[in-house]
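This briefing is meant to be read slowly, with the picture open beside the text. Please look over the sequence and the fold before going on to the notes.

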Amino acid sequence: MVTMAKPYWYEIRVEGHLADRWSDWFEGLTIHNAPNGETTLAGLLADQAALFGVLTKIHNLNLILISVCRLSPK
């Protein structure tokens, strides 16, 4: 079993645009609104609980999740 014991960099894409003011609510992730109508939330998340917290917030806002990509820590 693999556990997420260290921080990882994530890029999470959703449909629609979000204002930059939502960054703090999304664990400090950077918000980038693309011209195609999608938003990328990117940044370092401390652990699996932080990731699930962000995904829960996306769900609670009824945003459509496009993708979640975990990258090596930066």
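Is R13 buried, exposed or partly exposed, and what is its relative accessible area? R13 is partly exposed, with a relative accessible area of 31%. Please keep in mind that this is a predicted model.

- Four strands make up an open sheet, in which the order is β2-β3-β1-β4 and the pairing is antiparallel.
- The edges of this sheet are formed by β2 and β4, each of which pairs on one side only.
- On average, and with direction ignored, neighbouring strands of the sheet are turned by 15 degrees against each other.
- Helix α1 packs on the sheet, where it touches β1, β3 and β4, and the direction of α1 makes about 10 degrees with that of β1.

**Strand β3 and its partners**

- Strand β3 is largely enclosed by the rest of the structure, because six of its eight residues are buried.
- With β1, strand β3 pairs in the antiparallel sense over eight bridges, and within this part of the sheet E15 stands opposite E38 of β3.
- With β2, strand β3 also pairs in the antiparallel sense, here over four bridges, and the bridge partner of T30 in β3 is A42.
- β2 and β3 form a hairpin that has four residues between the two strands, and in the turn G37 has a positive phi of about 90 degrees.

**Salt bridges**

- Side chains of opposite charge can pair when their charged atoms come close.
- In this model the count of salt bridges comes to two.
- In one of them, the side chains of R13 and E38 meet at 2.8 Å, taken from N to O.
- Because R13 lies in strand β1 and E38 in strand β3, this pair ties together parts that are 25 residues apart in sequence.
- E38 has a relative accessibility of 19% and therefore counts as buried, since the cut-off for that word is under 20%, whereas R13 is partly exposed.
- The side chains of E27 and K57 also meet in a salt bridge, with 3.7 Å from N to O.
- This pair links distant parts of the chain, for E27 is in the loop between β1 and β2 while K57 is in helix α1, and the two are 30 residues apart.
- Of these two residues, K57 counts as buried at 18% relative accessibility, whereas E27 counts as partly exposed at 42%.

**Loop residues with a positive phi**

- E27, although it is not a glycine, has a positive phi of about 60 degrees, and it lies in the loop that runs between β1 (8-15) and β2 (30-33).
- N62 is a residue other than glycine whose phi is positive, with a value near 60 degrees, and it lies in the loop between α1 (48-60) and β4 (65-71).

Terms used
Residues numbered from 1 in each chain as written. Predicted model: local features only at pLDDT ≥ 70, side-chain atom pairs only at ≥ 80, totals over all residues. Heavy atoms only, no water. Salt bridge = Lys/Arg side-chain N within 4 Å of Asp/Glu carboxyl O. Buried < 20%, exposed > 50% of the residue type's maximum accessible area, 1.4 Å probe, protein only. Pairing = 2+ DSSP bridges. Axes fitted to C-alpha atoms, helices over the stretch in contact; angles between N-to-C directions. Contact = heavy atoms within 4.5 Å.
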